[in-house]
Amino acid sequence: MTYAELAVTTNFSFLHGASHPKEFVEEAGKLGYAAIGIADRNSLAGVVRAYEQWTKEKPETRPRLLVGARLVFRDGTPDIIAYPKDRKAYGRLSRLISEGKLRAPPGKDRATKGECLLDFADLLKYRHGLLLIVIPPPSQLGSAPQAPRCDTRSRGEEAVGCIGSPGEMPGSRLTKILAALGRDTWLAASMLYTGEDRRRLRDLMRLARQARVPLIAVNDALYHKAARRQLQDVVTCIREHVTLKEAGTRLQANAERHLKSPAEMARLFRACPEAVAETLRLAGRIRFHLAELGQRYPREPVPRGKTADQHLRDLTEAGLKWRYPRGVPPKIAAIAERELAFIADRRIAHYFLTVHDIVAFARSRHILCQGRGSAANSVVCFAIGVTSVDPTDIDVLFDRFLNTNRREPPDIDVDFEHERREEVIQYIYRRYGKRRAALTATVIRYRSRSAIREVGKVFGLTEDITGKLADTVWGHHGDTLEEHQIRQGDADPANRAIARARHFANELTGFPRHLSQHVGGFVLARYKLDWTVPIGPAAMDDRWFIEWDKDDLDTLAIMKVDVLALGMLTCIRKAFDLIHAHAKSGKEPRLLLATVPRQDPAVYDMLCKGDAIGVFQVESRAQMNMLPRLQPRTMYDLTVEVAIVRPGPIQGGMVHPYLKRRKARRENPDCVIEYPRPGPEYPQDELENVLGKTLGVPLFQEQAMRMAMVAAKFTPEEANGLRRAMATFRHAGTIHTFERMFVDRMVARGYQEKFAQDCFNQIKGFGEYGFPESHAASFALLVYVSAWIKKHHPAAFCAALLNSQPMGFYAPAEIVRCARGHGVTVLAPDAAFSDWDNKLERTAGGALAVRLGFRQIDGFREDDGHTIMHERGYGYRSFADFARRTGLSRRALVLLAEADGYRGFGLDRREGLWAVRRLPDDDPLPLFAHEGNRGAAPEQGQEHIAPLPRMALSDHVLADYQTTRLSLKGYPTQFLRPRLEREGITSCAGVGQLRDGARVRCAGIVLVRQRPGEGTAIFITLSDETGVCNVVVWERTFELFRKEVMGARLLLAEGRVQKSPEGIVHLMAEKLIDRSGDLRSLMDCGEPSRAHHPRHAHPRDVKVLPPSRDFH
Amino acid sequence: MPRQRRILALWLPRLSTDRLTRKNGRPSDAPLVISGKANNALHVHALEARAERLGLYPGQPLANARAMVQPLTVVPHDARADAALLEAIADWCDRFTPLVTLNAPNGLYLDITGAAHLFGGEQALLNDALARLAAQGLAAQGAIAGTSWAARALARWRNGLVVPAGGEAEAVAPLPIAALDCDAKILRALRHAGLKTVGQVAQRLGSELTERLGGAFVRRLRVMEGQAEEPLTPRRPLPDLMAQQRFADPVVSRDTIASTLLALAQSLCGVLEREGQGARGLGAVFFRADGKVERIAVRAGAPLRDPSTMLRLLNQKLDALADPLDPGFGFDLIRLEVLLAEETKPASVSFDANENARRQLRFLVDRLSARFGEHRVMRFVPQDTHIPEAAAASVPAQDRDFTCAAWPRQPMNDPPRRPLRLLERPEEIHHVMADTPDAPPVRFRWRACLHHVARAEGPERIAMAWWNRPGLTRDYFRIETRDGLRLWLYRDGLYRETGLAARWYMQGIFA
């Protein structure tokens, strides 16, 4: 006795289903089903997840997996589930769904993201090869069929046209649909305890007999187990925007829509056993399998008359000559040969050629780019220009890729300048057409924040409570909401509604919420993509994305190119441009990533001191602490540096062993490195090959994988499973099965248990933040190049960084402060001198100074900036001249005045604003409109007014921060210094002077709060007019002072000084006090007391130096 | 030159909270704040002095306030109730001067020009007004000056001050610019210019200010300084429509009151007729000669514009008053108000007997409701739920403004899904013989009789609302006994949950 469930709605039918696809597949296996069909609402988004689980099930017992979709129509046709018989029919189904998704709703000119508009006629168009199950709607049942009342005037498509026409009896409507669909159609019957099941079944049997269509049993499952009913109710409420109390009959009446055992199905359908048997017959007719989906790469990049392999070989050879003008090193040539052979063998030359094609376009437009990923650090990629990492600098990593699992698709991500990536994307669309190039999807999942918000609403909690609960989650990576977090949200975890909301929020976490476009993962195809996977519109105009995300593509071995945006590349290119424009001789060639002088000791010296603000990747607090300890001297050291301050190595406890060995090696280059060894009966050097370059300590994701294979003897399949588990364990939770396997096998082979456990902890740490060596190596190059610019061209570096915002880690204020610390003169934005961008000016002494541009002024518009530059000519004579010639809007003039930008005209902030206000409003009366601009307003003569009250320096500084987020005039804390000194509070610079272990109190503005990975420490950077102070707050202390840590803008930290031998100073906080009130008092100073009037201070005003412009 | 006017400005900064705390006692002992909603977020709209002393402030996000003060009583902002209270206070201020102007949301202007001597001078009048308001549990501030703006600003910043004519400029000069109470943009401009007090602003050149801040602002400044006048707009009446009758001699007799009400109703109905409207709510106000005011209100299920019907409703209400209307020394003013007017469909004479019956039923409901109270005359409305016993709720029969689900539709040829009558509470039945897991009973004992089931349909499986009504899932059956009884019964709990120990209940009887 067996059964196949063919009507399954998973949670990829967003907010309809309440179980993951894999849960259905697992449960179907346990119940002994012959087959399980996944049919989501107008979507194929969940089928790959089901397929992935299916591949993991035991081949002997697993049910067959059928791939289909539940078609939901907008024209009143009842739902129809469609299963493609073969590959071609699958293509039709995919295209049918795409057509619905790309259809604009009536009255609109573009399709809506996330919707699929289907009519019955569409199905008829693509019907061939589809096996269809018509689901009779619950309300339209029973009732003896009556004579059809169809309008006799209707024409050919009568059967279709009549569906949905009012006043018609439901039975005949179904009959008509069945008749229109013809062969390969089934009528579904379900026994869901509605009270009339048997009568219904009898009616359906009669209807089916009349229509000559077989009846098929379904349970129309929404979840895999009955216990999920509650969660299903919750998601229904979320979908309908109601609370559970209001939901009423929108919820299911009972918990019957789960997978039931074949025996139970047979019992329920005892009146009609043939309906159960029919499920097996339908399943037996399907030959299609997801593994059949292959990928064919576009042919465009290959010239006529050449094979792809040959073309790639030609390009590689030419490239090598260009890269090594003095002759290709034989070692490199040999590697290239091996790589080409491998690529030919795997038939992936097309993939490399498409990437090359994109990169070549970027190069032709002078857009900087840099490739990374498992296949990117190959000699071939260096030769064809995908990467600039010289294989002679860093041991070639592609080798690893060659040796690992041969099924893994190659992976190349290319970073482009973030401001110009759009040009590249447009090129791809131009070149391949919109139907053949589409973005990958990203499955947006419920995180505990979003889950508690939504679930809280369902339980009737008010927004202020759910909002507070959500805010206790750090970042957006929190996975489950714990009781103590509820308490921190000032809520009572014992409160029933809150406890329930928490329970269901945790259950909902990890559920897919909607599909969104991936930032830049492109799938390219030789033929239309919608033949393989449905395509839908993205939020942005003229963008399309497929329904599958990168994991799905991996599962199906479909290759994609990630076209990513990287701010640092923009910055580097802008710096190169500035250096070129201001070069003394003007004859030097423009710099390129590959032509920046290598191995410059001065650059490494700077990095070793931890002087890295603005430098790519190593500018975070933790990285800047690591630099002096790691003492990088080579490109490979930078690769390690980039990878080591990550959750993986930290959780695996690998950081200290590595630093220790490095130090030993530095002090004595001949010291012997101990490698972890297995028992004596095994090859002793097996890990030396894996860990050689990192001194016997595993640091990279690839090393962990290699260890699994070498030391724990994972088969390639197991290793692949581990890799997948690693990437997805946050929402899949399968990693623990691998944990035992990994540790036990290593111990069995004689390794120390602690070492094995540490290695596995590291693997867990890689999790979603995994950082492979191949990526680190590509980034290391950018670390070096940006550090080189910072060292040798600090002014250009500062200007380029500011011109590339938003990017990086620090606010403009810190970037500017750092540049000034390096002796760069920085000049304020000024209407008389500035451009839109920050630029370089020669000072009287001949040095290059940075002139801040209008882009630093919050809210100032770019075209206004260009107008000022355009009209400037030989300069503006006065403010009046400026206002008249530029014709700027009142708003723009006010913004400039508020930013103190009229000093060039001799007006300070206050006078400037007062002068601007005198100008008439922007919209002149029609009578005067012909006079053109307002400067001509004749009645405003010269004005002689009394001077305004003088503005205090502190007010100026605060106003600077409010308008440009930085001040060249001073620092807010300097005005509090007398007060702080009276209290015995040390300045940030003062902390560095204290001895190790001294008690100290230090106050400063909170620049950065950081909690690296799952770390147990929180890093806070405080800053005052003397410098910065690094505060470390241990988890325990943090829990006590969470509110202060999360909320304070000006923070007072009390604790002890900790000084490392390398001179790194930390303040280990024991107590934290929110002193934001002092900042506020600065802003209020001078205001007469406001009697009974309440203060309308928004907490935002306190947070950053307030973005509000309410200075005095 | 016209005589200088004298304006008393009253400011009731805690109107919203005072409204809740002064009369019926406070909602709870915890500090009280009023919450408002803006941009989908809750914030503190108003708060009592105690809450403000704890550091809360208007505009603060409510979640913050809750975090700072625990426990906290939060009541949603009710603008209509606040406005009504302000109106009532304005009514009450009639005692000082007939010229009272609302300065919403929480201020009043009293034009006391030439009236102060009746109260012993301006200062005495002001003190009296503030003391009386305080005695009524209303925090009030006030000041008197020659112009509304000056008086208003001073009421807030210099409570209790009486400014002699011509002294306004001097009095307002030290006030902060916030006292100008002008547009936030202008306030910002002034602050940016470093001008912090009204006096500093007033010292700038008129043209300088006009060019920058506009003529309206300068006018306001001049009004503040007592150099210009601002006309006060008279208060608008609150009811949609009203008619009143003054009596030179206060009236006491029931008959006179009734005939007055009828006359007023007639005049109101005339207006309603012209406007195509009817009254759904009526109020009668009786002003006693000694200042006490009595009000009654009645509602109607359908728009009314028939004077005699109105009078009958009012009389029903007057008869049913727990405290009969006490004329004391007599009423000197009786007012009839239409509190709620509604469009009526053009009245066409209907020959439909049903329509007439419906109208009579509506009127019966109105009369019964007026007599016994709205909550004594109820009717059923359908509810959107699967739970049978919760499927109908009773609401006041007069209510029409509720949203409800539709009664479930019955397919034409099908037997009814639910019995017309449910038992008050399900009755357990015994000795049930039924096949497992989900078959209908074959026989059972209910109310001491053994019943044999002849026909049955089901089960209809209904799970209880797990979030607030935990209970076992029920399997309902519609059955017909051999004796012809048609019953609705259920098994409480699924077989796999309860095994053979499940209880069975009778819940309803099909008619």
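Trainee: Let's start with Gln599(A): is it buried, partly exposed or exposed?

Mentor: Gln599(A) counts as partly exposed, because its relative accessibility is 44%. Keep in mind that we are reading a predicted model. The residue sits in the loop that links α23 (567-581) and α24 (601-608) of chain A.

Trainee: What is the phi of Gln599(A)?

Mentor: Here is the general idea: most residues other than glycine have a negative phi. In our case, phi of Gln599(A) is near 55 degrees, a positive value although the residue is not glycine. Gln631(A) also has a positive phi, near 50 degrees.

Trainee: Where does Gln631(A) lie?

Mentor: Gln631(A) is in the loop between α25 (621-630) and α26 (635-644) of chain A. At 23% relative accessibility, Gln631(A) counts as partly exposed; the cut-off for buried is under 20%.

Trainee: And how many residues of α26(A) are buried?

Mentor: For α26(A) the count is 10 of the 10 residues, so the helix is largely enclosed by the rest of the structure. The buried residues run from Met635(A) to Ile644(A), and they include Asp637(A) and Glu641(A). Their packing partners are α24, α25, α27 (647-651), α28 (655-667) and α34 (773-792), each in chain A.

Trainee: Which strand of chain B is largely enclosed by the rest of the structure?

Mentor: Look at β9 (residues 277-288) of chain B: 12 of its 12 residues are buried, so this strand is largely enclosed by the rest of the structure. As for pairing in general, strands of a sheet pair through backbone hydrogen bonds, either parallel or antiparallel. β9(B) runs antiparallel to β11 (residues 331-343) of chain B, and 11 bridges join the two.

Trainee: Now a loop residue, Phe975(A). Which residues does it touch, leaving out those up to four places away in sequence?

Mentor: With those neighbours left out, Phe975(A) touches Leu953(A), Ser954(A), Val957(A) and Leu1082(A). Its loop lies between α42 (953-964) and α43 (977-982) of chain A. Phe975(A) counts as partly exposed because its relative accessibility is 24%.

Trainee: What about peptide bonds: where are the cis ones you would show me?

Mentor: In general, most peptide bonds are trans. In chain B, a cis bond joins Thr436(B) to Pro437(B), with omega about -10 degrees. Pro437(B) belongs to the loop between β14 (421-434) and β15 (441-446) of chain B. Another cis bond leads from Gly458(B) to Pro459(B), with omega near 0 degrees. Pro459(B) is in strand β16 (residues 449-462) of chain B.

Trainee: Let's finish with the interface. How many residues of chain B are in contact with chain A?

Mentor: 56 residues of chain B meet 64 residues of chain A. The two chains bury about 5,600 Å² between them, 50% of it on carbon and sulfur atoms. On the chain B side, His192(B), Arg212(B) and Trp466(B) lose the most area to chain A, together 16% of what that side buries.

Trainee: How do α40(A) and α8(B) cross?

Mentor: The axes of α40 (residues 909-918) of chain A and α8 (residues 184-192) of chain B come within 9 Å and cross at roughly 140 degrees. This makes α40(A) oblique to α8(B), since only angles over 145 count as roughly antiparallel. In this contact, Arg910(A), Leu913(A), Trp914(A) and Arg917(A) of α40(A) meet Ala189(B), Arg191(B) and His192(B) of α8(B). Those residues divide into 3 nonpolar, 1 polar and 3 charged.

Note on methods: Residues are numbered from 1 along each chain as its sequence is written. Chains are lettered from A and ligands numbered from 1 in the order in which they are written. This is a predicted model: local features need pLDDT of at least 70, side-chain atom pairs count only at pLDDT 80 or more; totals for chains, interfaces and linings use all residues. Side-chain values use heavy atoms; hydrogens and water are left out. Helices (H or I, at least four residues) and strands (E, at least two) are DSSP runs, numbered from the N terminus. Buried means under 20% relative accessible area, exposed over 50%, partly exposed in between (1.4 Å probe, protein chains only). Contact means heavy atoms within 4.5 Å. Axes are lines fitted to C-alpha atoms, for helices over the stretch in contact, and angles run from 0 to 180 degrees between N-to-C directions. Angles under 35 degrees count as roughly parallel, over 145 as roughly antiparallel, 65 to 115 as roughly perpendicular and the rest as oblique. Ala, Val, Leu, Ile, Met, Phe, Trp, Tyr, Cys and Pro count as nonpolar, Asp, Glu, Lys and Arg as charged, and the others, Gly among them, as polar. Buried area is the accessible area (1.4 Å probe) that two parts lose on being put together, summed over both. Two strands pair if DSSP finds at least two bridges between them.
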